[in-house]
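Please read these notes with the model open beside you.

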Amino acid sequence: MHRVLITGSNRGLGLEWVRQCAGREWRVFATCRDPDSAVDLQDLADQDSSVSLHPLDVTDASQIDDLTESLRDERIDLLVNNAGVYFERWGKDPVGHIRYDQWEETFRVNTLGPMRVTEALLVHLNRGERPLVLAITSHMGSIADIDSPRDYAYRSSKAALNAAIHGVAHELKPRGIGVLLLHPGWVRTRMGGASAPIGPEESVRGMLAFVDCYEPNLSGGFFRYDGTRMPW
Ligand code: NDP
């Protein structure tokens, strides 16, 4: 049975990752900041004993240690670094109004978070079957795609994530661990808002279909949820 760990799995895309992976009868380690208030996730776990809930704030090194300790005998085949924040909300922080405290927090969650979690789970991934690490990034992290002002914190956090994870792919290749950067599309979640053109179901279905066709020569690449390559 495939074994997958997902961050930020209490709502939005993360919750849909849990739903679809559980639907494939995979073992799902569903992590989120506050499992006690994660009602939708609890419902999924109640219906399916292969889903377990684990507390994890991706900025908290001691929680990451606790998680790796609690999973110390496990193997992980697929790690989905999904948790993310977007405080600016569509360009509301122009030059002159930049919130540097929020920019720093954005980096802690969107850039350092996936690095910390990936690094901590390498031992579990080393035991995996065709192990694969996903970093859910954004087209807004594509420098080639910037054609409007603002959103500096979110854009730079995802551009930095892309740079770091692209490098990690080179480091992990000799160990047989694959790495992909995936843009989920513009998706109707709390982050994406109600006018987004696609729902979480379509986005995650596309990303999972791409994962199914993963080949080592794709490692380090930056792709849209439908498998098309993104410009850096
Ligand atoms: P949501 O805002 O709906 O969900 C974000 C998730 O991240 C929540 O589960 C949230 O948990 C979690 N999270 C935030 N901070 C932390 C933290 N410190 N530790 C652990 N979990 C945390 O967003 P989406 O589902 O839309 O986004 C998922 C990913 O997709 C993100 O990385 C985002 O950047 C990316 N993305 C989304 C797009 C979209 O259109 N929706 C477009 C491009 C990229 P909590 O409930 O505790 O806050």
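1. Basis. This is a predicted model, in which local features need pLDDT of at least 70 and side-chain atom pairs count only at pLDDT 80 or more, while totals for chains, interfaces and linings use all residues. Residues are numbered from 1 along each chain as its sequence is written, and side-chain values use heavy atoms, with hydrogens and water left out.

2. The largest nonpolar core. A nonpolar core is a set of buried Ala, Val, Leu, Ile, Met, Phe, Trp, Tyr and Cys residues joined through side-chain atoms within 4.5 Å; buried means under 20% relative accessible area, exposed over 50%, with partly exposed in between (1.4 Å probe, protein chains only). The largest core has 35 residues, of which W17, V28, L134 and L180 touch the most other members. Elements that each supply at least two residues of this core include β1 (3-6), α1 (12-23), β2 (27-32) and α7 (200-212). The largest share, 6 residues, comes from α1. Helices (H or I, at least four residues) and strands (E, at least two) are DSSP runs, numbered from the N terminus.

3. V28 and the second core. Leaving aside residues up to four places away in sequence, V28 touches V4, I6, V18, C21, A22, S50, V51 and S52, where contact means heavy atoms within 4.5 Å. There is also a second, separate core of 28 residues, with L67, I76, L79 and V117 among them.

4. Helix α2. Which residues of α2 are buried? They are L41, L44 and A45. Seen down the axis of α2, these buried residues fall within an arc of 95°, so they line one face of the helix; the arc is that of the directions from the helix axis to the C-beta atoms. D46 and Q47, on the other side of α2, are exposed. The cover over the buried residues of α2 includes α1, β2 and β3 (51-55).

5. Helix α3. In α3 (residues 61-70), the buried residues are I64, L67 and T68. Their arc, seen down the axis of α3, is within 95°, so they line one face of the helix. The face turned away from the buried side carries the exposed residues D66 and S70. What covers the buried residues of α3 includes β1, β2, β3, α4 and α5 (122-126).

6. The largest pocket. On a 1 Å grid over the protein atoms alone, a cavity is a set of points where a 1.4 Å probe fits but cannot get out, and a pocket is an open set with protein on both sides within 12 Å along at least five of seven lines; lining residues have an atom within 4 Å of a point. The largest pocket has a volume of about 920 Å³. It is lined by 42 residues, and R11, A83, G84, V85 and M191 are the closest to its centre. α1 gives the most to this lining, with 3 residues.

7. The second largest pocket. Its volume is about 170 Å³. The lining residues include H2, W26, D77 and Y214.

8. The cavity. How many cavities of 30 Å³ or more are there? The count comes to 1. About 60 Å³ of space lies in the largest cavity. Its lining consists of E88, D93, I98, R99, Q102, W103, Y152 and A153. α4 (100-120) and α6 (152-172) each supply at least two residues of that lining.

Key: Points joined across faces, edges and corners; volume = space filled by probe spheres on them.
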